[in-house]
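Please consult the sequence and the model while reading.

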Amino acid sequence: MSKYLLNKFLYTVDRDPQLVERYREDAAGTVDWWERELANQVLNCVVAEKSTWLAFTDEERTALREHDHVKLFELGAHPFLTLTLFIAMFERDHGPLEYQKAYGRALQHHALPYPDIAT
């Protein structure tokens with residue numbers, strides 16, 4: 001498991017409006033493409049600067065493909081990253097703050113100590 005890779009996915013997708021839409025419409029395809037093409041690219045470096053050791057686990061891939069922010073939190077993804085990305089993808093389908101309230105309700109069963117989100 002790589003919390004870093006989960007957070008890197010959420011961060012990079014959230015910062016590109018085209019990737020946000022792509023992930024909203026085709027989550028499985030976007031996750032597969034991102035893992036194959038971008039996962040091991042070092043941020044802010046030339047394309048040749050790559051690593052080969054990071055990969056999602058099956059559990060992480062499934063949570064990303066299903067837009068499962070609760071499972072992602074349990075796996076150690078930073079909740080701010082899932083919230084901002086998922087607001088960009090799903091808030092338009094709900095009234096003002098309705099998505100954010102539903103996001104919080106889905107996580108309310110968690111109590112301290114929360115899952116470790118440190119990378």
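Contact here means heavy atoms within 4.5 Å. By that criterion, and not counting residues up to four places away in sequence, Phe86 touches Tyr23, His67, Asp68, His69, Leu72, Glu91 and Tyr99. The model is predicted: local features need pLDDT of at least 70, side-chain atom pairs count only at pLDDT 80 or more, and totals for chains, interfaces and linings use all residues. Residues are numbered from 1 along each chain as its sequence is written, and side-chain values use heavy atoms, with hydrogens and water left out.

**Overall architecture**

- The protein chain contains seven helices and zero strands, where helices (H or I, at least four residues) and strands (E, at least two) are DSSP runs numbered from the N terminus.
- Read from the N terminus on, the order of elements is α-α-α-α-α-α-α.
- Of the 119 residues in the protein chain, 39% are buried; buried means under 20% relative accessible area, exposed over 50%, and partly exposed in between (1.4 Å probe, protein chains only).
- The chain exposes about 6900 Å², of which carbon and sulfur atoms supply 55%; accessible areas come from the Shrake-Rupley method with a 1.4 Å probe, and for residues only the protein chains shown count as cover.
- Among the contacts in the protein chain with a separation of 6 or more, 63% are between residues 24 or more positions apart.

**Nonpolar core**

- A nonpolar core is a set of buried Ala, Val, Leu, Ile, Met, Phe, Trp, Tyr and Cys residues joined through side-chain atoms within 4.5 Å.
- The largest such core has 29 residues, and Phe9, Tyr23, Phe56, Leu64, Leu85 and Phe86 touch the most other members.
- Two or more residues of this core come from each of helix 1, helix 2 (17-25), helix 3 (27-37), helix 4 (58-65), helix 5 (69-74), helix 6 and helix 7 (98-107).

**Helix packing**

- Two packed helices are described by the angle between their axes and the distance between the axes.
- Axes are lines fitted to C-alpha atoms, for helices over the stretch in contact, and angles run from 0 to 180 degrees between N-to-C directions.
- Helix 1 (residues 3-14) and helix 6 (residues 79-90) have axes that come within 9 Å and cross at roughly 35°.
- The crossing of helix 1 with helix 6 is left-handed, a term used if the near helix is turned anticlockwise from the far one by less than a right angle, with right-handed used if clockwise.
- From helix 1, Asn7, Leu10, Tyr11, Val13 and Asp14 meet Leu81, Thr82, Thr84, Leu85 and Ala88 of helix 6.
- The contact of helix 1 with helix 6 comprises six nonpolar, three polar and one charged residues; Ala, Val, Leu, Ile, Met, Phe, Trp, Tyr, Cys and Pro count as nonpolar, Asp, Glu, Lys and Arg as charged, and the others, Gly among them, as polar.
- Helix 1 and helix 2 have axes that come within 6 Å and cross at roughly 115°.
- In this pair, Phe9, Thr12, Val13 and Asp14 of helix 1 meet Leu19, Val20 and Tyr23 of helix 2.
- By class, the contact of helix 1 with helix 2 has five nonpolar, one polar and one charged residues.

**Residues with positive phi**

- His67, in the loop between helix 4 and helix 5, has a positive phi of about 50° although it is not a glycine.
- His67 is buried, with a relative accessible area of 18%.
- Leu97, in the loop between helix 6 and helix 7, likewise is not a glycine and has a positive phi of about 65°.

- Leu6 lies in helix 1 and is buried, with a relative accessible area of 0%.
- Leaving out residues up to four places away in sequence, Leu6 touches Phe56, Glu60, Leu64, Leu72, Leu75 and Ala77.
- Leu6 and Arg61 are 55 residues apart in sequence, with a C-alpha to C-alpha distance of 9.1 Å.
- Lys71 lies in helix 5 and is partly exposed, with a relative accessible area of 26%.
- Beyond residues up to four places away in sequence, Lys71 touches Glu59 and Ala63.
- The C-alpha atoms of Lys71 and Glu60 are separated by 8.3 Å, and these residues are 11 apart along the chain.
- Ile117, in the segment after helix 7, is partly exposed, with a relative accessible area of 27%.
- Apart from neighbours within four places in sequence, Ile117 is in contact with Lys3, Asn7, Gly76, Ala77, His78 and Pro79.
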